[in-house]
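Please keep the sequence and the structure open while reading.

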Amino acid sequence: MKFAVAAPVAALALALGAARAASPGQAQRPDLSAQDLARVAEIVRPARDFSAAEQFEAMQGGAGTVADKIVNPDIFSHPAANLSFEARQEFLVGNGLFRKNWVSSPSSTQASDGLGPLFNARSCQACHVKDGRGTVPGFDPLERSDAVALLLRLSVPAKEGSAPRVDQGEVASLPDPVYGHQLQPFAVPGLPAEGQIRIDYAEVPVALAGGETATLMSPTYRVTDLGYGPLHPDVRFSPRLAPPMLGMGLLEAIHENDILANAGRDPGDGISGRVNWLRDPRTGERVLGRFNWKAGQPDVAHQAAAAFSGDMGLSTPLFPSHYGDCTPAQKACLEMPHGAQPHLGEHEVPERLMHFVEVYSLNLALPQRRDVDDARVLAGKKLFYESNCIGCHVPKYVTRRDAARPEHRFQLIWPYTDLLLHDMGPGLADGQDEGDAGGREWRTPPLWGIGLTKTVNPNATWLHDGRARTLLEAVLWHGGEAQAARDRVVAMTPQERADLIRFLESL
Amino acid sequence: MRKLLLAAALSAAAGAAAAQAAVEPAAVVKTYADVALAGYQDALSTAKTLQQAVDALIAKPSADALRAARKAWLDARVPYQQTEAFRFGNPIVDDWEGQVNAWPLDEGMIDYVDASYGTESDVNAYYVVNVIANEKLSVGGKPIDASAITAELLRDTLHEADGNEANVATGYHAVEFLLWGQDLNGSGPAPADRKGTPQERHAGNRPHTDFDPKACTGGHCERRAQYLKVATDLLVSDLEEMVGNWQAGGAARQAVESDPKAGLAAMLTGLGSLSYGELAGERMKLGLMLHDPEEEHDCFSDNTHNSHYYNQQGIVNVYLGRYARTGGGEVKGASLSDLVRARDAALDKEVRAKLDATLAAMQAMRDRAEKVETYDQMIAEGNAEGNAVVQAAIDRLVDQTRSLERVIALLDLGNIELEGSDSLDNPQAVFQ
């Protein structure tokens with residue numbers, strides 16, 4: 001259910017703000033003093049002067065930004081610059097676990113087994129290529145790689161009259177009764193895999209002002225080699241590509257009230273972002289979704305544990321099934337040996353290992369921006385603002401003073417996201433609900449680091465299923481609430497479009 | 001400005017300590033660069049010895065020739081592992097390191113592996129590609145012509161293919177795999193029929209006939225020999241490049257000498273990062289926690305005890321500003337130790353004591369590896385005594401880093417990135 005009109009909501013937020021504090025219209029930040037609040041309000045105000053770079057703009061991840069590293073394929077893999085030696089050690093142990101290949105049970109290395117029985121990948125880095133975006137199988141039917149980073153979420157629509165939300169478990173949607181929440185194209189020896197994803201692309205030309213044409217690749221998904229009988233007749237596919245890992249601790253440290261303020265304002269063009277409210281499976285509390293393509297996870301710990309469970313079939317304290325996404329209908333799967341060892345704890349990946357993975361995942365550094373003062377970059381930035389891209393891609397925040405970890409506290413960051421759900425139109429729709437997120441809704445993805453995507457993984461592409469081969473194609477896929485902004489890009493002169501892309505490439 | 005203040009403060013401190021000659025940061029970073037140059041020169045000369053041994057093995061394969069090549073590899077590791085103290089803190093070294101010393105590697109990309117290794121891995125399409133056995137590869141959906149094993153094939157096509165860091169096609173560990181083969185003994189006992197030290201009995205056991213086209217074992221012996229030759233030659237040329245970077249006018253030397261304060265920060269960042277994060281964390285703690293022999297740094301040769309020991313020796317070299325060269329002789333000069341002593345003699349004593357304690361703990365690990373059991377056996381589950389030896393070295397590494405942090409505070413080098421003025425003149429300034 002969407003708010004039909006954003007304005008009354010904004011007015012309500014305004015009234016509440018005025019009642020509670022001296023600075024009406026400002027989102028309340030109980031973590032900040034009045035003096036801080038004024039400084040923060042000033043620094044996060046959207047840019048007005050595009051003749052030069054803004055103060056601190058190059059350090060897009062705050063003090064954790066790496067500024068002295070050579071830009072090479074490792075540029076997404078550095079620990080945040082403001083980590084202590086101690087946290088750096090935890091980060092590096094986490095890095096070892098992130099790239100570790102888990103093995104099937106039983107194995108001689110008891111602490112490293114437990115993979116599957118069904119799985120998408122054996123390690124985290126298999127999908128998060130060098131901590132950046134994953135690779136899709138490819139657009140040329142004759143040169144399809146065995147890329148594993150694109151997974152297929154499965155869901156069936158809720159029945160009429162039944163509860164519209166399913167908010168327990170790893171994924172907040174109704175699974176396929178046999179295949180579960182996602183298709184696992186691999187299984188341990190002795191068990192059939194679930195099936196293989198096949199993608200057919202149709203070319204869709206898009207005419208642009210100035211005589212240019214872009215060609216979009218419109219995908220159709222199907223599943224072959226089904227290992228467990230037919231899929232549910234109403235099943236819907238939601239392909240998801242592994243996103244980059246940058247700055248997630250900083251996103252977690254954005255104050256909830258700042259996100260709610262985003263939801264309460266009216267940026268024009270009919271844009272109205274919505275929160276994906278979730279229920280924490282452990283505490284039962286209502287929590288704000290921030291992570292994954294539909295904001296279906298509240299924090300990095302849940303996101304990581306969900307990936308261990310769904311993608312690798314490994315149990316963790318948060319998601320304790322040793323069988324991952326095996327369903328009761330997959331009896332043989334539930335009869336396979338698992339990897340939990342009583343003397344190592346009750347989970348295949350115990351809390352102490354998850355802690356390292358979390359420290360790692362929270363602290364991958366943002367690279368310093370390049371060319372912030374370049375005339376073309378600044379011209380592109382101006383166009384980005386004027387086209388109302390910032391309606392959803394909100395440029396900057398100052399993180400909580402009381403964030404859980406010291407390195408994330410009170411940092412001015414530039415992620416270019418409102419962390420909210422938006423109707424993105426039929427072209428991108430997957431028809432799949434996830435918590436409050438509907439089938440046409442996606443969370444605004446952060447844009448920081450996007451300009452180095454291909455430096456890190458030359459085969460990487462963009463959007464939730466990697467269908468966009470260029471940043472321009474990604475823009476042109478925008479519809480729904482972003483249709484007006486997208487149309488402005490279509491109407492730009494070729495030089496303006498090039499400037500806009502140049503700006504994105506500087507992020 | 002800050003640089004001037006620091007220099008002034010240091011000079012004042014030096015003046016106060018009348019017994020001490022004034023130690024200038026510029027002289028300290030010069031020693032640092034000199035030690036780096038000598039270290040990489042020694043790594044290069046020992047790699048050239050390895051190259052000769054490899055050429056001899058290929059020209060006339062024999063058990064002795066293989067043994068000689070393995071010994072040359074082990075000798076080459078001695079200076080190289082000491083240079084790892086220069087990796088962190090020097091972006092030029094860090095950028096280059098991946099092609100020289102990357103690990104762990106999926107050996108199945110390079111050559112035949114044991115059946116227990118599995119035949120496919122979703123993680124890595126190159127997992128059992130076996131370049132040596134296959135002249136034409138089709139992986140990642142793309143055909144690769146591997147009919148000639150060349151430097152370009154290894155470096156540009158196969159190394160980190162598909163962005164997978166386990167696809168290690170070049171460097172010390174690729175050569176190590178070719179000389180030793182897989183260590184199939186895990187953390188279990190060595191086969192009863194092998195003789196020598198624990199390392200000699202427990203490491204990989206590739207036969208010399210794997211390189212002998214006339215009595216070929218393992219198949220494709222000419223291609224295997226060619227791979228070994230190309231990978232060894234690449235190692236030599238990579239080391240030549242790094243020697244150049246530390247010679248007069250070289251980029252790495254200039255980076256530290258042009259701004260001595262930044263140079264001091266690079267030195268200490270390097271020592272702290274290697275001690276605490278890389279060595280105590282990723283290379284030791286992880287393997288010990290998982291009891292996983294795959295998490296062993298030099299896993300084919302079972303030489304990990306030496307690899308870790310010489311890392312620590314490299315840390316000592318940088319702090320003391322002295323380096324014992326491979327062929328005899330010593331490089332020495334004004335040191336971090338001198339600089340610290342001039343301001344806080346007690347702290348300098350503390351750091352030196354802790355560095356010694358770590359070296360002693362590493363030596364204990366080395367003694368155990370030479371007399372009792374290999375490193376991968378030490379980290380095995382249930383081996384309380386072996387685990388404790390490794391844990392002791394980890395504890396000392398952590399402890400020495402605490403003192404290094406005090407040195408950073410003493411020299412006022414902390415959080416350089418955080419201390420930008422609120423000025424646009426400084427592109428690294430941050431809001432605070």
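**Note on the two chains**

1. Among contacts in chain B between residues at least 6 apart in sequence, 69% join residues at least 24 apart, where two residues are in contact if their C-beta atoms, placed from the backbone, lie within 7 Å. Chain B has 15 helices and 4 strands; helices (H or I, at least four residues) and strands (E, at least two) are DSSP runs, numbered from the N terminus. Of its 432 residues, 56% count as buried, a residue being buried if 20 or more other C-beta atoms lie within 10 Å of its own, exposed if 12 or fewer, and partly exposed in between, with C-beta atoms placed from the backbone.

2. A word on conventions: this is a predicted model, in which local features need pLDDT of at least 70, side-chain atom pairs count only at pLDDT 80 or more, and totals for chains, interfaces and linings use all residues. Residues are numbered from 1 along each chain as its sequence is written, while chains are lettered from A and ligands numbered from 1 in the order in which they are written.

3. Confidence in chain A should be read with pLDDT in mind, which is the predictor's confidence in each residue, from 0 to 100. The mean pLDDT of chain A is 89, and 91% of its residues reach 70 or more. Over residues 1-26 of chain A, however, the pLDDT is below 50, and this stretch has 27 contacts in the model beyond near neighbours in sequence. Residues 164-169 of chain A also stay under 50, and for them the model has 11 contacts beyond four places in sequence.

4. Chain A contains 13 helices and 13 strands. Its radius of gyration, 22 Å, is close to the 23 Å that the globule rule gives for 507 residues, so chain A is as compact as a globular protein of that length; the radius is taken over C-alpha atoms, and the rule is 2.2 Å times the number of residues to the power 0.38. Along the principal axes, the C-alpha atoms of chain A fill a box of roughly 65 × 55 × 50 Å, and buried residues make up 56% of the 507 residues in the chain.

5. The largest nonpolar core has 130 residues, of which A:Val357 and A:Trp448 touch the most other members; such a core is a set of buried Ala, Val, Leu, Ile, Met, Phe, Trp, Tyr and Cys residues joined through C-beta atoms within 7 Å. Apart from this core lies another, of 119 residues, among them B:Val23, B:Tyr32, B:Met109 and B:Phe177. Leaving aside residues up to four places away in sequence, A:Trp448 touches several others, including A:Leu246, A:Leu366, A:Trp414 and A:Leu507.

6. A:Gly289 is found in the loop between β9 (286-288) and α6 (300-312) of chain A, and A:Gly289 counts as buried because 26 C-beta neighbours lie inside 10 Å.

7. In chain B, B:Ser187 is found in the loop between α6 (172-180) and α7, and is buried, with 24 other C-beta atoms within 10 Å. Not counting residues up to four places away in sequence, B:Ser187 touches B:His291, B:Pro293, B:Asp376, B:Gln377, B:Ile379 and B:Ala380.

8. Helix α13 (residues 345-371) of chain B has 27 residues, which at 1.5 Å a residue should span 39 Å, and its end C-alpha atoms are 39 Å apart, in agreement; the expected span is 1.5 Å times one less than the number of residues. The buried residues of α13(B), among them B:Val351, B:Leu355 and B:Met362, pack against α7 (198-202), α11 (304-320), α12 (336-343), α14 (375-378) and α15 of chain B.

9. Helix α4(B) is largely enclosed by the rest of the structure, because 8 of its 11 residues are buried. What covers these buried residues includes α5 (151-158), α6, α8 (221-246) and α9 (251-257) of chain B.

10. Finally, how many residues does each chain give to the contact between them? Chain B gives 38 residues and chain A gives 46 residues. On the side of chain B that touches chain A, the elements that give two or more residues are α4 (91-101), α10 (260-290) and α15 (384-410), and the largest share, 11 residues, comes from α10(B).
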